[in-house]
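Subject: Structure for your review

Hello,

Please find the structure below. Notes on what was found in it follow.

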Amino acid sequence: MRTDGERAAGGAGIPATGDMHRTLRSETLIVLALSLGASAVHSLISFVGSLTKPGGLKEQTATLNGSIAPGRPWLDLSLQLFYIATALVPVVLVAHLLLREGAGMRAIGFDRRAPWPDLGRGALVAAAIGSTGLAFYLVARGIGVNLTVVPEALPGEWWKYPVLILSAIQNSVVEEVIVVGYLLRRLGQLGWSPMAALAASSVLRGSYHLYQGIGGFIGNMAMGVVFVLLYRRWGRVGPLVVAHALLDIVAFVGYGLLKGKVGWLPEP
């Protein structure tokens, strides 16, 4: 009998054939084109632009959460919330597709069956990856292969930190549900080997972070490998969503609180 982790790693049992194979392949491409696949193409174009711009990469900046309507705080807040909400639409599409399949989000472990184990595992993963990731970023920027990442540049309004936290949660849900749970399930159904699926998921994760530079690509690709292996072990994306959300919350909120106050934190 296969464990939950093995079932998640292998997709949904027997690989699809014929018309179903073509349908699942088209479906997967559409989901990626509406979400992280499109982000990867945009990131590649942005990176080429940074490479061809005069000056080194570390002299340029990549702002993750910036003002959309400077000087108009209520309009800015409305647009921030709008973009966070609409970014989650591909996740709703994935939920619909999995439900139509007869599996639902439970098939990838994004449900409320194990909230405390998910929180505990996620916190441990975030603690293990956080300091390593920060050290890798500082080294990559120091040797000139990464842009200076500005996690937040929002105005000092009352809604600044709530928006940053919501942005972090949105990032984690979109990335882990699509690039781990959904993509690995579909690639398994399409007959991809576990190693090929791991490579595709991790390279995709690195690709849509390429706008940060080579360091952002390599660091996130390595994180992708770890997350896929953990997903296959646990059979749940829940802990990965928690870990990713905590990493981003610490990065976004921590930067907002520490910028200009510590000397080791790179700033534009």
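**Around A69**

Apart from residues within four places in sequence, A69 has contacts (heavy atoms within 4.5 Å) with L75, D76 and L79. A69 sits in the loop between β1 (61–63) and α4 (73–87); helices (H or I, at least four residues) and strands (E, at least two) are DSSP runs, numbered from the N terminus. With a relative accessible area of 9%, A69 is buried; buried means under 20% relative accessible area, exposed over 50%, and partly exposed in between (1.4 Å probe, protein chains only). From A69 to H209, 140 residues apart along the chain, the C-alpha separation is 24 Å.

**Basis**

This is a predicted model, in which local features need pLDDT of at least 70 and side-chain atom pairs count only at pLDDT 80 or more, while totals for chains, interfaces and linings use all residues. Residues are numbered from 1 along each chain as its sequence is written, and side-chain values use heavy atoms, with hydrogens and water left out.

T148 belongs to strand β2 (residues 148–150). T148 is classed as buried because its relative accessibility is 1%.

- The T148 side chain comes to 2.8 Å from the backbone oxygen of K58.
- The side chains of T148 and R141 make a polar contact of 2.7 Å.

Beyond four places in sequence, the residues in contact with T148 include L57, Q60, T61, A62 and Y137. P266, E267 and P268 are also among them.

S50 is part of helix α3 (residues 36–51) and is buried, at 7% relative accessible area. Leaving out residues up to four places away in sequence, S50 touches L57, Q60 and L147.

Is A103 buried, partly exposed or exposed? Its relative accessibility is 29%, so A103 counts as partly exposed.

**The chain as a whole**

The protein chain has 10 helices and 2 strands. From the N terminus, the order is α-α-α-β-α-α-α-β-α-α-α-α. The chain is as compact as a globular protein of 268 residues, because its radius of gyration is 19 Å, close to the 18 Å from the globule rule; the radius is taken over C-alpha atoms, and the rule is 2.2 Å times the number of residues to the power 0.38. Along the principal axes, the C-alpha atoms fill a box of roughly 55 × 35 × 30 Å.

Of the 268 residues, 45% are buried. Among contacts with a separation of 6 or more, 77% are between residues 24 or more positions apart. The accessible surface (Shrake-Rupley method, 1.4 Å probe) is about 13,300 Å², and carbon and sulfur atoms account for 68% of that surface.

Regards

Notes
Polar contact = N/O pair within 3.5 Å; in protein donor to acceptor, adjacent residues only side chain to side chain.
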